[in-house]
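Hi,

Here is the structure I said I would pass on.

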Amino acid sequence: MSTIHQLGCIGCTACQHHAENHDTGRVITINVKSPHDDNDNNINATEFQLANGTLTIRLNISSLIPHALTYQEHPVCNNHNAHTAISPKFEGGSFSTAVPECKTIAFDDPFSSPPEVIIGLNMFDFNNLKNLRLKLSADDIMNSSFKLNATTWSDTVMHSMGCDWLAVHNSVNGADMGLHISTGIYNTANDPAWKAPIKQLVHHVQFQKPYHAIPTVVIWICGTDMGRDTYIRLRVAATDVTTQGFNINVYSWFDTITYSVIVSWLAYPSGLPGIESGSFSTAAQLPFRATSPDPGEHKFIAFENPFPSPPEIIAGLNVVDCDHRKNLRIRIFADNITMSSFKLNATTWSDSIAYNIGCDWLA
């Protein structure tokens with residue numbers, strides 16, 4: 001027979017879901033008694049689905065009498081510092097430097113094994129007389145730390161650069177249930193289809209583990225090499241998202257010269273409690289100048305579900321359109337963070353001119 005049990009939202013406490021929403025949260029233990037065996041046997045569910053905060057568990061069981069199936073429900077701890085057996089574990093932070101640098105970053109809470117680390121560029125100040133060349137990478141990733149490298153090359157002149165980083169560690173049980181986080185890095189320079197300079201490229205990403213429903217994808221720029229003689233115009237986007245994968249779109253426009261782009265991305269189950277994300281763009285105001293009274297744009301963003309405490313906001317650029325005749329200065333950052341909302345800012349400074357700044361954010 002096939003039996004379905006539906007529970008309230010699983011206690012994704014590692015993601016700081018509001019405790020009030022966990023009154024019905026449960027972890028279940030399922031036991032099956034065979035008519036030919038006096039012993040109870042734990043059975044693993046063969047199909048899981050998370051939708052609208054409800055976890056559906058389907059058991060495919062044959063040769064069992066109906067009343068032999070029992071299950072127990074156990075309340076989930078609402079302490080957001082505790083991690084359930086299925087919850088991904090996260091840690092994030094920010095980094096900035098005035099010179100190319102390699103810095104060792106220690107995790108506040110070491111992982112049980114090396115996590116996956118992705119990085120999103122959120123600030124840069126480069127001389128406009130040289131090519132815009134930058135690369136952010138996570139290297140030597142261990143249980144307790146990793147090395148964050150911020151580099152340039154050739155004759156590029158960097159005045160400052162900043163980023164947000166996120167470390168993700170999936171549980172084995174969560175991955176089997178489709179409650180996992182997928183991450184990756186894509187470098188156009190390593191793609192045989194990329195013939196620099198080029199205006200557009202589409203690269204397909206196949207998830208190592210498929211999802212039970214279409215996931216949400218967050219995408220950031222973490223490196224680029226662009227010509228100095230034309231406006232800096234670059235956009236990266238995730239499109240055609242399915243349960244199996246998605247497409248990374250990298251493109252520039254008009255006369256912009258793009259030699260290479262590095263992209264980082266993250267996919268998570270849509271509706272996973274305690275995680276929210278979104279996009280922001282300043283395109284409504286064209287252009288904004290650092291010499292104006294308000295040299296940028298900001299937006300107050302309300303969370304769909306309040307957090308038990310102000311969350312950490314991780315943000316990375318995915319759209320840049322700025323004038324190459326002045327130094328290239330762009331910054332995005334979050335402030336006024338509360339349990340229910342935050343303010344996302346996109347700005348420039350000095351005499352720089354920006355026409356559009358876009359980003360994805362994750363809370």
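A question to start with: is Ser-160 buried or exposed? Ser-160 is buried, because its relative accessible area is 15% and the cut-off for buried is under 20%. This serine sits in strand β12 (residues 158-169). Leaving out residues up to four places away in sequence, Ser-160 touches Thr-97, Ala-98, Met-123, Phe-124, Asp-125 and Phe-126.

Before you read on, please keep in mind that this is a predicted model.

Now the overall picture. Among contacts between residues at least 6 apart in sequence, 76% join residues at least 24 apart. The chain exposes about 16,400 Å², with carbon and sulfur atoms supplying 49% of that.

On to the inside. The largest nonpolar core has 62 residues, and Phe-124, Leu-136, Leu-148, Ile-248 and Trp-361 have the most contacts inside it. There is also a second, separate core of 13 residues, which includes Ile-181, Trp-220, Leu-266 and Leu-272. As for Ile-248, its contacts beyond four places in sequence include Tyr-186, Leu-201, His-203 and Trp-265.

Strand β19 (residues 277-281) runs antiparallel to β25 and is joined to it by five bridges, with Phe-280 opposite Cys-359. Strand β22 (residues 314-322) also pairs with β25 in the antiparallel sense, over eight bridges; there, Ile-314 has Leu-362 as its bridge partner.

Last, the charged pairs. The count comes to 11 salt bridges. Arg-133 takes part in one with Asp-155 (2.8 Å, N to O), linking strand β10 (residues 132-139) to the loop between β11 and β12. Arg-133 is buried at 11% relative accessible area, whereas Asp-155 is partly exposed at 35%. The side chain of Arg-133 also meets that of Asp-225 in a salt bridge (3.8 Å, N to O). Asp-225 lies in strand β15, so this pair ties together parts that are 92 residues apart in sequence.

Another salt bridge joins Asp-351 and Arg-329, with the closest N and O atoms 2.9 Å apart. Here Arg-329 is buried at 12%, while Asp-351 is partly exposed at 34%.

Cheers

How values were computed. Residues numbered from 1 in each chain as written. Predicted model: local features only at pLDDT ≥ 70, side-chain atom pairs only at ≥ 80, totals over all residues. Heavy atoms only, no water. Pairing = 2+ DSSP bridges. Helix = DSSP H or I, 4+ residues; strand = E, 2+ residues; numbered from the N terminus. Core = buried A, V, L, I, M, F, W, Y, C linked by side-chain atoms within 4.5 Å. Buried < 20%, exposed > 50% of the residue type's maximum accessible area, 1.4 Å probe, protein only. Contact = heavy atoms within 4.5 Å. Areas by Shrake-Rupley, 256 points an atom, 1.4 Å probe, with all protein chains shown as cover. Salt bridge = Lys/Arg side-chain N within 4 Å of Asp/Glu carboxyl O.
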